[in-house]
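The following report describes the fold of a single protein chain. The sequence and the model are shown first, and the description follows.

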Amino acid sequence: MTIHQNARVVLSMDARKTLLHDIYQRRSIEACGVLLGSTDADGNWHVQQVQPLPNTFNSAVYFEFAPEDLLEVELTHPGEIIGVYHSHPGGFASASSTDRENMQRVNQQQQIPWVWLIIYGPFNEALLQRADGSLPLASILAYHHYSQEGLQQITVQAEQNFRTEL
Ligand SMILES: [Zn+2]
């Protein structure tokens with residue numbers, strides 16, 4: 001799959017901490033939830049916060065949100081949902097055919113400009129030690145289905161810390 005030339009998804013430290021906690025807490029099933037933040041004029045996604053949601057299937061190979069759970073986030077964070085995430089606890093480091101169908105349906109048919117994160121396992125002690133409190137970027141894949149180029153992989157970046165040392 002091609003990596004999109006320009007678009008980026010930028011994750012805050014807070015978002016990476018919540019992601020690590022969630023996928024590890026629910027490591028026997030696919031953890032899932034929504035990404036909250038904003039998009040910019042260049043088509044990049046800036047994820048500030050992550051909101052875990054129940055996987056109504058409680059499955060290690062499938063996830064689905066309850067519509068009312070998604071609606072509740074939309075009501076408490078209007079306009080802030082910019083994407084979704086789910087985990088592959090079995091370690092599959094790619095979008096499954098189901099994932100690809102969902103990406104196409106939501107991004108194209110429904111015209112919802114979400115970015116999709118997949119966090120792939122294994123979620124074991126070694127990951128926790130390597131992670132040091134926040135999810136390593138190397139465990140994250142990002143996708144978006146564009147109308148022209150089709151499904152593209154998106155570069156994942158950590159939010160820069162702009163604090164100046166005086
Ligand atoms: Zn998947």
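Which residues of helix 1 are buried? The sections below answer this question after an account of the overall architecture.

## Overall architecture

The model is predicted. The secondary structure of the protein comprises 4 helices and 7 strands, and from the N terminus on the elements follow the order β-α-β-β-α-β-α-β-α-β-β. The radius of gyration is 15 Å, close to the 15 Å that the globule rule gives for 166 residues, so the protein is as compact as a globular protein of that length.

Along the principal axes, the C-alpha atoms fill a box of roughly 45 × 45 × 35 Å. Of the 166 residues, 30% count as buried. Among contacts between residues at least 6 apart in sequence, 69% join residues at least 24 apart.

## The barrel

The strands form a closed barrel of 7 strands in the order 1-3-2-4-5-6-7, with mixed pairing. From one strand to the next, the twist averages 35 degrees.

Strand 1 (residues 3–11) pairs with strand 7 (residues 150–158) in the parallel sense over 5 bridges, and Leu11 stands opposite Ala158 of strand 7. Strand 6 (residues 140–146) and strand 7 run antiparallel and are joined by 5 bridges; here Tyr143 has Gln153 as its bridge partner. Strand 6 and strand 7 form a hairpin, with 3 residues between them. Strand 5 (residues 115–120) is also antiparallel to strand 6, through 4 bridges, and Ile118 stands opposite Leu141 in strand 6.

## Helix 1 and its cover

Helix 1 (residues 13–25) lies across strand 1, strand 2 (32–39), strand 3 (45–53), strand 4 (81–88) and strand 5, and runs at about 30 degrees to strand 3. Helix 1 has 13 residues and spans 18 Å from its first C-alpha to its last, close to the 18 Å expected at 1.5 Å a residue.

The buried residues of helix 1 are Ala15, Arg16, Leu19, Leu20, Asp22 and Ile23. The cover over these buried residues includes strand 1, strand 2, strand 3, strand 4, strand 5 and helix 4 (125–131).

In soluble globular proteins, nonpolar side chains tend to be buried together. The largest nonpolar core of this model has 33 residues, of which Leu35, Val115 and Trp116 touch the most other members. The elements that give two or more residues to this core are helix 1 and strands 1, 2, 3, 4, 5, 6 and 7. Strand 5 gives the most, with 5 residues.

Which residues does Val115 contact, leaving aside its neighbours within four places in sequence? They are Val9, Leu35, Trp45, Ile82, Gly83, Ala142, His144 and Ile154.

His88 is in strand 4. Is His88 buried or exposed? His88 is buried, because 25 other C-beta atoms lie within 10 Å, and the cut-off for burial is 20 or more.

Not counting residues up to four places away in sequence, His88 touches Glu30, Ile118, Tyr120 and Gly121. Asp99 is 11 residues from His88 along the chain, and the C-alpha atoms of the two are separated by 11 Å.

## Backbone exceptions

Most residues other than glycine have a negative phi, and most peptide bonds are trans. A cis peptide bond joins Gly121 and Pro122, with omega about 5 degrees. Pro122 is found in the loop between strand 5 and helix 4.

Gln111 is not a glycine, yet has a positive phi of about 55 degrees; Gln111 lies in the loop between helix 3 (97–109) and strand 5. Asp132, likewise a residue other than glycine, has a positive phi near 55 degrees and lies in the loop between helix 4 and strand 6. Asp132 counts as exposed because it has 8 C-beta neighbours inside 10 Å.

Key
Residues are numbered from 1 along each chain as its sequence is written. This is a predicted model: local features need pLDDT of at least 70, side-chain atom pairs count only at pLDDT 80 or more; totals for chains, interfaces and linings use all residues. Two strands pair if DSSP finds at least two bridges between them. Axes are lines fitted to C-alpha atoms, for helices over the stretch in contact, and angles run from 0 to 180 degrees between N-to-C directions. Two residues are in contact if their C-beta atoms, placed from the backbone, lie within 7 Å. The radius of gyration is taken over C-alpha atoms; the globule rule is 2.2 Å times the number of residues to the power 0.38. A residue is buried if 20 or more other C-beta atoms lie within 10 Å of its own, exposed if 12 or fewer, and partly exposed in between; C-beta atoms are placed from the backbone. The expected span of a helix is 1.5 Å times one less than its number of residues. A nonpolar core is a set of buried Ala, Val, Leu, Ile, Met, Phe, Trp, Tyr and Cys residues joined through C-beta atoms within 7 Å.
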